[in-house]
Amino acid sequence: MMRYVSTRALAHAEATPIAVGLSDALNAGLAPDGGLYVPQSLPHFAPQDFAGATTLPAIAKILLQPFFAGDALESELAAICDQAFTFAAPLKRLPLAQTYALELFHGPTAAFKDFGARFLAACLQRIQRDDARVLTILVATSGDTGSAVAAAFHNVPGIRVVILYPDGLVSPRQAHQLGCFGDNISALRVAGTFDDCQRMVKQAFTDTTLRELLPLSSANSISLGRLLPQMSYYAWAALSHWREHNSPLNFVVPTGNLGNAMAALLARAIGLPLGEIVLATNANRTLPDFFDNGEYRARPSIATIANAMDVGDPSNYERLRWLFPDTNSLQKTLRAIAVDDATIRTTIAAGEKRYGEIWCPHTAVATHVLEQLRAENTQGDWAIVATAHPAKFDTVVEPLIGHAVAVPPALAALLARPAHAEPMHAEYAQLREWLLQRRDPHADAPTD
């Protein structure tokens with residue numbers, strides 16, 4: 001049976017940390033002490049364990065089985081994978097030698113967040129809850145998470161979603177997506193940064209009185225239901241490359257809150273044939289500075305054109321230190337490289353001529369980092385992780401490439417809907433009041 005414990009219990013070297021099953025961890029989102037849930041032990045795989053599995057859902061079923069072992073959801077894993085992974089994650093060979101793009105933007109909201117959000121929704125729909133009250137999924141987003149979660153949970157009975165996003169700091173099309181669902185989805189445009197949104201959400205999860213009155217869960221990358229399935233597309237890409245070349249595939253991962261990068265690192269840690277993993281960030285230098293000097297210093301986020309990575313205090317840093325408790329070992333194993341806005345623009349402008357591709361700003365960050373690695377004579381096969389469709393960032397991309405970007409049909413359908421978001425100050429007290437005013441009037445708080 002797989003059990004899950006809090007990163008903070010482990011960091012404080014608790015002799016017997018509280019361990020919970022997967023369903024309980026998914027329902028809670030965040031551990032009671034404010035830490036992030038991690039597996040109590042890690043399985044180990046070899047490429048031959050996936051013999052005969054050639055599709056993303058088939059690989060995911062094998063990969064995730066140990067993480068579901070002993071839980072009530074174990075018998076539902078195959079159905080969950082089939083429900084969640086209904087779109088491709090192609091590993092595309094690019095014109096430059098030994099260079100690929102792992103395209104993760106073919107889901108309903110045109111961003112990689114669709115994989116984890118749909119998987120989490122499929123899990124929560126199947127978990128039997130003792131509490132009959134409506135479950136509130138509380139989400140902070142810097143751009144793409146919120147719309148992916150909204151699409152995954154739209155009109156799911158017994159669940160509502162509340163999205164907090166920084167007003168004016170996401171692209172116009174991202175903002176439209178966040179507010180276009182209605183029904184059981186509410187969007188709150190916060191007068192602050194993503195870090196403010198994330199802080200408010202974390203305060204809600206550690207507010208024990210609020211949680212007695214209002215069942216809460218998370219769909220941010222702090223949730224295991226987002227982290228675990230994201231390993232699947234790395235496993236799929238790495239195994240596809242291994243079977244053809246008998247060598248590991250290296251990855252450049254654009255990252256802000258460290259969730260996508262943690263999925264890659266975890267997939268490698270359990271034996272999948274991933275080679276080097278390099279983190280690509282924008283001007284928010286929290287991670288690059290940590291790898292340079294060994295000191296982690298959270299700071300206010302900086303607004304950039306790669307807005308989904310505008311994070312000054314990545315939540316998944318706690319999971320990174322769980323996986324790599326020794327700082328020296330971590331610095332030798334991993335590196336993070338920052339890219340400024342001017343370089344992002346130059347990379348987007350050159351993308352069609354150099355690669356035959358139009359990059360979103362976040363994918364352009366990863367592309368430039370790979371170009372820097374090649375300039376340092378880095379060898380081997382490398383995949384750029386393409387995290388979002390460029391059409392989501394038309395106001396940035398189109399002036400740089402000189403023409404319109406074709407909009408995928410699923411995204412076009414969302415943009416055709418009316419959108420609305422409520423304003424909110426960057427104050428937890430206001431969020432708390434808003435949540436309580438809108439809780440289920442027919443469901444009383446539990447009594448002793």
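The structure is a predicted model, in which local features require a pLDDT of at least 70 and side-chain atom pairs count only at pLDDT 80 or more, whereas totals for chains, interfaces and linings use all residues. Residues are numbered from 1 along each chain as its sequence is written, and side-chain values use heavy atoms, with hydrogens and water left out.

Along the principal axes, the C-alpha atoms fill a box of roughly 65 × 45 × 40 Å.

Of the 448 residues, 59% count as buried, where buried denotes a relative accessible area under 20%, exposed over 50% and partly exposed in between, with a 1.4 Å probe and protein chains only. The chain exposes about 16,700 Å², of which carbon and sulfur atoms supply 51%; accessible areas come from the Shrake-Rupley method with a 1.4 Å probe, and for residues only the protein chains shown count as cover. Among contacts (heavy atoms within 4.5 Å) between residues at least 6 apart in sequence, 75% join residues at least 24 apart. The mean positions of the 35 positive and 43 negative charges lie 3 Å apart. In this count Lys and Arg are positive and Asp and Glu negative, while His and the chain ends are not counted; each charge is placed at NZ of Lys, CZ of Arg, CG of Asp or CD of Glu.

Aromatic pairs were then examined. Rings of Phe, Tyr and Trp (its six-membered ring) pair if their centres lie within 6.5 Å, and planes under 30 degrees apart count as stacked, over 60 as edge-to-face and the rest as tilted. By this rule the count comes to 13 aromatic pairs. One of them, formed by Phe68 and Phe119, is edge-to-face, at 6.0 Å centre to centre and 85° between the planes. This pair links distant parts of the chain, with Phe68 in helix H3 (residues 56-68) and Phe119 in helix H5 (residues 113-126), 51 residues apart. Both Phe68 and Phe119 are buried. The ring centres of Tyr234 and Phe251 are 5.3 Å apart and their planes lie at 85°, so this pair is also edge-to-face. Here Tyr234 belongs to helix H10 (residues 224-245) and Phe251 to strand S9 (residues 249-254), 17 residues apart, and the pair again links distant parts of the chain. Tyr234 is buried, with a relative accessible area of 0%, and Phe251 likewise has 0% and is buried. Ring pairs link Phe68, Phe85, Phe87, Phe115, Phe119, Tyr233, Tyr234 and Phe251 into a cluster.

Phe50 lies in the loop between strand S2 (37-39) and H3 and is buried, at 0% relative accessible area. Not counting residues up to four places away in sequence, Phe50 touches Phe45, Ile59, Ile62, Leu63, Leu239, Arg243 and Leu272. The C-alpha atoms of Phe50 and Asn282, which are 232 residues apart along the chain, are separated by 35 Å.

Two helices illustrate the packing. In helix H7 (residues 172-179), the buried residues are Arg173, Gln174, Gln177, Leu178 and Gly179. These residues pack against helix H6 (145-153), strand S6 (159-166), strand S7 (185-191), helix H17 (394-401) and helix H18 (409-415). Helix H12 (residues 286-293) is mostly covered, with six of its eight residues buried, namely Thr286, Leu287, Pro288, Asp289, Phe290 and Phe291. Their partners are strand S10 (274-281), helix H13 (317-323), helix H14 (327-333) and strand S11 (335-338). Just after H12, Gly294 takes a positive phi of about 80°.

Positive phi values also occur in residues other than glycine. Gln98 has a phi near 60° and is located in the loop between strand S3 (91-93) and strand S4 (99-103); with a relative accessible area of 38%, Gln98 is partly exposed. Asn246 has a positive phi of about 55° and lies in the loop between H10 and S9. At 57% relative accessibility, Asn246 counts as exposed.

Terms used. Helices (H or I, at least four residues) and strands (E, at least two) are DSSP runs, numbered from the N terminus.
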